[in-house]
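Work through the exercises below with the sequence and the 3D structure open. Each task is followed by its solution.

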Amino acid sequence: MSIEKFSVEKVLSVQRWASNLFSFTMTRPAHFKFTAGQFARIGLKVGDDLVVRAYSVVSSPFDETLEFFSIVVPNGAFTSNLQHLKVGDELYLEKISYGFLTLARYQLPLPQDLWLLATGTGLAPFLSMLQDFATWQNYQQIHLVYSVRTVSELAYVDRIQEIAASFGEGHTGFKFVPVITRDPNAVLHERLPVLIENGELEKAVGYSLNPATSHVMLCGNPQMVEDTKEALKRRGLTMNRRSEGNIAVENYW
Ligand code: NAP
């Protein structure tokens, strides 16, 4: 790993959501450009080694700082160290951004209804998209669906409302739908593919998935991505390839 590919940045804030979940912000160098939905590669010095992991950017492409959302992977070389992050600590940031989970990849169908389906920290790229005015201008309907195991893992809820109120001011088609899979009393508590199959997701947002209009993005647990993709295909939706089609995905680990 060539260190010249990285700049050294400083941690500006750390927010803890649950024992295994936290977010942090860091300085953004002028050269670091990204599109909402892309990821950065962040390096951490562990002894003499630079350990590097991919992290979707949470913040808006227009922000002066960079925000990331992380889980603590038990015994993981990176996150077990990262979880002790403090304001002022140094992190390495690769100078270029990566990834194709961006709204620019959709040409057909034309933008109308956008479905952002996340599990866990897979929420991150969608928060960035929602902090881009173009998203609100281009889509009449925006459905953000966020599946976690327990309510204590439901991070960013207040921020989502704030983002919708500021970036989506006057927009009437936004729905935020939390799914709490290990709480049988939650309004929605089944896994995303089941909620698609049994029609409960569409009922909750009051809108139907439609191969002629829907853009559906999936991010998070790789098995969720796989199973949900198949459930959507059974509804006639197609993978987005060469700019055409409904479904775009990103596995998170
Ligand atoms: P998770 O187990 O991915 O669960 C989050 C949500 O996804 C839950 O609502 C869960 O439902 C749901 N889910 C899981 N499998 C699904 C499937 N096949 N279809 C539909 N929904 C599904 O939890 P997490 O906290 O985000 O991550 C758990 C583990 O993943 C971590 O301990 C870590 O090891 C690993 N991880 C690694 C990285 C990394 O960068 N290396 C990043 C994130 C996570 P249920 O409650 O029904 O399971």
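**Exercise 1. Find the partner of Glu 67 and state which parts of the chain the pair ties together.**

Step 1. Glu 67 forms a salt bridge with Arg 159, and their closest N and O atoms are 3.2 Å apart. A salt bridge here is a side-chain nitrogen of Lys or Arg within 4 Å of a carboxyl oxygen of Asp or Glu.

Step 2. Glu 67 belongs to strand β5 (residues 65–71) and Arg 159 to helix α4, so the pair ties together parts that are 92 residues apart in sequence. Helices (H or I, at least four residues) and strands (E, at least two) are DSSP runs, numbered from the N terminus.

Step 3. Glu 67 is buried, at 10% relative accessible area, while Arg 159 is partly exposed at 23%. Buried means under 20% relative accessible area, exposed over 50%, and partly exposed in between (1.4 Å probe, protein chains only).

A note on the source: this is a predicted model, in which local features need pLDDT of at least 70, side-chain atom pairs count only at pLDDT 80 or more, and totals for chains, interfaces and linings use all residues. Residues are numbered from 1 along each chain as its sequence is written, and side-chain values use heavy atoms, with hydrogens and water left out.

**Exercise 2. Describe the salt bridge between Glu 202 and Arg 235.**

Step 1. The N to O distance in this salt bridge is 2.9 Å.

Step 2. Glu 202 sits in helix α6 (residues 200–205), and Arg 235 in the loop between α7 (222–234) and β11 (247–251); the two are 33 residues apart, and the pair links distant parts of the chain.

Step 3. Glu 202 is buried at 12% relative accessibility, whereas Arg 235 is partly exposed at 33%.

Step 4. The structure holds nine salt bridges.

**Exercise 3. Locate the largest nonpolar core.**

Step 1. The core has 36 residues; among those that touch the most other members are Phe 69, Phe 126 and Met 217. A nonpolar core is a set of buried Ala, Val, Leu, Ile, Met, Phe, Trp, Tyr and Cys residues joined through side-chain atoms within 4.5 Å.

Step 2. Elements giving two or more residues include β7 (113–119), α2 (124–130) and β8 (141–148). The largest share, five residues, comes from α2.

Step 3. Domain 1 (3–98) and domain 2 (103–251) both give residues to this core, so it lies between them. The domain bounds come from an automatic or database domain assignment.
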